[in-house]
Each structure stands twice: as structure tokens, then as C-alpha cells.
Amino acid sequence: MRTENRHFDNPLTGVRNLGILAHVDAGKTTVTERILYVTGATYKRGEVHDGTTVTDFDSQERDRGITIFAAAVSCDWDGHRINVIDTPGHVDFADEVERSLRVLDGAIAVFDAVAGVEPQSESVWRQADRHGVPRIAFVNKLDRTGADLDRAVESIRARLHTVPLVVQLPIGQEDGFTGVVDLLRMRSLVWSDGCDTFEDGPVPQDVQEEARRRRRLLEEAVAELHPIALEEFCAQSTVSAQTLAAALRDLTLAGDAVVVLCGSAYRNRGIEPLLDAAVAYLPSPLDVPAVRGTVDGSEQERAADPAEPFAALVFKVNATATGRLTYLRVYSGTISRGEAVLDVQARRTERVGRILRVQADRHAEVERAVAGDIVAVVGVKAARTGATLCAPAAPLILEPPTVADPVVSVAVEARRSIDTDRLVSALARLVEEDPSLRVRTDRETGQTVLSGMGELHLEVAAEKMRRAHGLDVSVGRPQVAYRETVSRGVSGLVYRHVKQDGGAGQFAHVVLDAQPLDAAEFDGGGSAVAFAFASSVVGGRVPAEYVRAVEAGCRDALAEGPLGGNPVTGLRVTLTDGATHPKDSSEMAFRTAGRLALREALRACAMVLLEPVAEVTATVPEDAVGGVLGDLAARRGRISGSTTRAGAAVITATVPLAELFGYASRLRSRTQGRGTFTSRATGYAPVPSGVLSALPSR
């Protein structure tokens, strides 16, 4: 444990706000637990399989052995304050990762040394790319049979399209893995069984030549990317350790490369150099751009400075029967206990009762929080995830985290009629804590429908109602969220809205074109633009405020398509002409005309039903490949690849999400319990005409 006190001219220089990102079972929770142990934040090692981890404190997380909820912890290392958020690795909880990345300055991406880059590894990497979060990589589980650092690094290069810069060489292989060679200092770090510390010594004789070769490759790779390193390399035919370290930091902060370290978190090997790399290469709050927000439509910046006006973003809410915890990332200013803050979106002033330093499910009260801190506050009663809290005299609205549309729905109801009101309250609390959950009432059946990101997501939500709220609930069969799109559009559709029932009437005349979006703009319902509106009206025949009303009406019409009442996506609407009445035309009339005109246009278009699809990666014994391939084909899966890794076959396929319900049990039965699979949502695809009749109607 490093206990030395370092002096920084600005205290924020010694702060790191980091996330741990990985595919499920890559070992990120174990990495987090070892970080807490090595830094002295905990006195014993927490183990996932024993249910003794600090960050997986929820009973469901311990029962299932996976991270479900993002957990924040803090520790100290080498004079730095490190705030760590352990994020989920399962695809169903990707929104937890999204909310965490919104408030993080840097991240450690953990990879399995046997599997390399896995589907969810790729997804969280892309999420970090969107937020511009600098990362370093940690290749974990080097003590496993089949572990191969070079293969894992090559998968990072090929699948993540980045430049991996390996700064360590493993000493020993698989079960014989004992330590690493630090290629910058050219020293060995060796851990002994049963010992919590490492020995720093010279490079062992049997790996000296390989270490020199890899150091040379590192120098050449850095020189190609960094001008100062290139200048030194050309002048001296080598690059010093100091220049390498400075260049690696610059490249990491710019996102031009990723530093790669390795180890075995379970055996407590490689954690200390990982922490050294985190403080050396990842940014402090001062190294990231000043946060930008809007005030009355104009954009403003707030520097990470305790003297600036207070501004913070709510990224997590934990609502319990005993109180409400609101998790904040403070971007600027200072907040003290008892001060008033403004919830800008709600236009409501709240008073902060207590400020807590978070250690997963344990909290320590502090007097104040300053720019760069991640804390929880008590007393803020109404702020939702994504809300901005700021000084009342200096309002600012920060960009909230994006929330993905749910893809799976189930009907939920209380088994006892007397619990109906409690069910409504429990669902409201669930949605308050997790914005990716949605609740609605089906208009035809009157059932309460809960929607989320996947089958496991909804299972966890239902179980939480049972455990936390004491409700006996029944859950229906999962249903996926279909979409509708246009395959052949219509042009020149004329709609005239006239209504006269006494007093001022309504008049709106519109002419619309409804066409499918171009392929470059639309990817079948994924993350691309789903709707585009334009106006080609000339001569002021339709005033600008009425054009905006027509667009709003068209967006209203997108909620229900003509095939089955599903949302419409992938559509371009152009207002080509129109007419107004000097007295009876209004924004409401044109909004109504836009809605009804587009509904009529969609009925005239050739429509296609879309269903959500997922990329499935199944790892199965080689003797079970035939049965697994046949089962995937029966589920309308399209096989995209099959490879062999460590004596097992890895099959990738694109499968409709509706066909994956219950697949885990089927895969286990076909492989005698030896097969596993992961899935990752990839967007939407047309439903084949042969299966349309079998789909449930709304």
C-alpha cells in the first residue's frame, strides 16, 4: 500500500474518476476488489463466488454472481484520490454503463486473456468512444489455461480498431504465471503465493532477450505516433523511460492509443502496476475539457474549479423506503451541507441535508463536496437521473445521459387485488431508479406492462419488487418491441383539415411526401436517425410556425403504425405545399393536419415490420457443434462465423431477440451443461413474411 503524501499545486490534479469496463465474467469486479484491498480501503479480499465483494452488495448480485448495478467506491494510492465505479458487464444493463460513462474522466477496460475482446467488451468500448473517455487496458486471468496475451492484444487491435501499446511482458505462462516485466523501467515485478506484495528486481535471464525485443517494439510504436518521441528516437535510436511515459500519457488522453497491462486479479498479481498506470496515464478533472451546458439557449462552459458556481449532474438515484440517495458528479463549484440547489429542469429549489462519500452500500458523511467529486446527497426529493443541480444564482443545464429504448416487455400484476396500489408505487420507484425501465397500461387489455432492455433486466426488476417491496407479483411471457418502417413511399398526398363547430374554426391544408430514409441515415432501427422532416414550401404559403406544427403532428403519428400499432421508424417526410385561412388557421390545426395526413400516407405506403435482433456468441464443446447449429437455424439464426478457442468451438450468429427467450436452458441441455452464450443487441431487421402470421397481435 502506497501511503506517501504528495503535494499538488492544484488538489484536483490528484483526483481520478475511473470506471471499470468489461464483458461479463472478464473479472472486473475482482479487479475492483483487489484495488480496494491493495490500497488499504478493505482489510480482506472480497470474492465473487463467496458473495463477499464490496461492490456487488445487492442480494441479487450475490445470488447470480454478476454485477447488476453500478457501484461507486473510493480509495487512495500514491497520494491520489481514486473514485472508482464498477459497472455491469451484461448487455441487459448497458444503460447503467452509459450513465456511469457520462460522469467519468477515464476508464480501465478489462479483458479475458483467453477470450480476448468479447461482444460486450466491444459494446462498452464503443460507448466510451462516444463519450470521449480515455482508457487503459488490463488483460486479466493470465493464470488460466489457454491464456495468451499476444492473442488478446491482437483482438484489441482488430476488433476495437485502436493501437494497443503493451508496456509489460508476462513472466511464466498459465498456472506458472508469477509476474511481469515493466518494459519502461526494464525491471521485473514478481508475486509469490500467499504474499500480498511483489519483489522488484532485475529482468530474469531467460526473458531478457524477449524483453529487449518488446521494449524496442514499444519504442518504435510510440515514435510513430508521438512527435517528441520520434525526435528522440531519430537522434538517439532509443527512447528514454521518461519520454515514453510522457508520450504514453499524451496518446492516452488524446485517444490515439491504449496502454495495455496484464495480470491475474484473482491471484492478486498485477494490481499495483495497474494503479500506477491509472494515476500516470489517465486524466484528472483538470485534463478533460470544461463541461458545457446551456442557459436560455446559449452555450456556456464551467471549469473544474471549486471557486466557480456550483454545477453537478445526477447520474443515479437510489430510492428506498427509508430515504432517497441522489448520486452526483460535481463538475464545478462547491456544495456544503444545508445549502440550497436548483433543479433546473424541474424549476425547483431543494436543500441538501447531508453529503456522503460513497463506499458501495456504506457511506461516510462529509461537510462539503468540490469540483471533481463523486458523492451522494440526502434531502433532494425530486431530482431524476440526468437532472442538473446548480447554484440558484447561476443556472446551467448539462447534457443528460442518453436512455435507450426498451426492447422487451412483460405484463405484471399483483396476485392479490389488495396489493394493486402497492404495485403502482413499487413500479414508480423502479422507474425512478432505472430510467431504462418503462411502465405503461395496455389500452386493449388494461394490463400493466413493464418494458426493459432484456429478459434478465425484467427478471431482476420483478425480483426486486418481491424482495424489496414484499410484493407477490405474476409476470407474463416476454414480448419484444417491434417497429414498422416504409419500404415504398408516397408523394403528393393532399390532406385538408377543416373543422367548424361554432366560434373560431380550424383550417389547415398540407401536401406531404413520405419516403424511406436513405441507407446512410438509417440502419434498420438501430442508433441512427429514425425520422427526418423537411419543408420545401416556397413563397410563404405555410408560415414557419405552422411548419413546425406540422412536424410535431408527424412525430405524433409515428407512435402507431398501420401494421400493428407499433412505432414507425426510418421515415423521411417532406412538406411540399399547403394553404392557410386568415382566421381559422392555427398551430393546433396544422399539428392535427400533420398527424392525420401522415397516418393516411402510411396507410398508402408499403410497410415492413421490423423485429429486434441480437448477435449471439455461443461457446460449446466441439462434439455439440452440430446440435447447436441446428438449434440456432431453427430459431431463424444466421450463422456468421465459427472458430476454435482453447478446445471449444465459438459460434457467432445473428438471431431474432424473440427467439432467444429460454435459449440458455436449451443450450445447457444440448451441451450437458458445458455450453454458454452471450448476446448483444445489434438493431432491427425485417420480419420474414412466413412468420408474420405467427406473431402475436397487439
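Reply: A residue counts as buried when its relative accessible area is under 20%. In this predicted model, cysteine 390 has a relative accessible area of 0%, so cysteine 390 is buried. Cysteine 554 is likewise at 0% relative accessibility and therefore counts as buried. A disulfide is a covalent bond between the sulfur atoms of two cysteines, and the structure holds zero of them. For cysteine 554 the reason lies in distance, because the closest cysteine sulfur, that of cysteine 605, is 12 Å from its own sulfur, which is too far for a bond.

Turning to the helices, helix 10, which covers residues 420-433, packs against helix 11, residues 455-469, at an angle of about 120°, and their axes are 11 Å apart. That angle makes helix 10 oblique to helix 11, and the crossing of the two is right-handed. On the side of helix 10 the contact includes Arg422, Leu423 and Glu433, while helix 11 contributes Ala461, Lys464, Met465 and His469. Sorted by class, this contact has six nonpolar, one polar and four charged residues.

Helix 8 (residues 241-254) and helix 9 (residues 271-281) form another packed pair, with an angle of about 70° and axes 9 Å apart, so the two are roughly perpendicular to each other. Here Ala245, Leu248, Arg249, Thr252 and Leu253 of helix 8 touch Val279, Ala280 and Tyr281 of helix 9, a contact with six nonpolar residues, one polar and one charged.

Methods
Residues numbered from 1 in each chain as written. Predicted model: local features only at pLDDT ≥ 70, side-chain atom pairs only at ≥ 80, totals over all residues. Heavy atoms only, no water. Axes fitted to C-alpha atoms, helices over the stretch in contact; angles between N-to-C directions. Helix = DSSP H or I, 4+ residues; strand = E, 2+ residues; numbered from the N terminus. Parallel < 35°, antiparallel > 145°, perpendicular 65-115°, else oblique. Left-handed = near helix turned anticlockwise from the far one by under 90°. Contact = heavy atoms within 4.5 Å. Nonpolar A, V, L, I, M, F, W, Y, C, P; charged D, E, K, R; others polar. Disulfide = S-S within 2.5 Å. Buried < 20%, exposed > 50% of the residue type's maximum accessible area, 1.4 Å probe, protein only.
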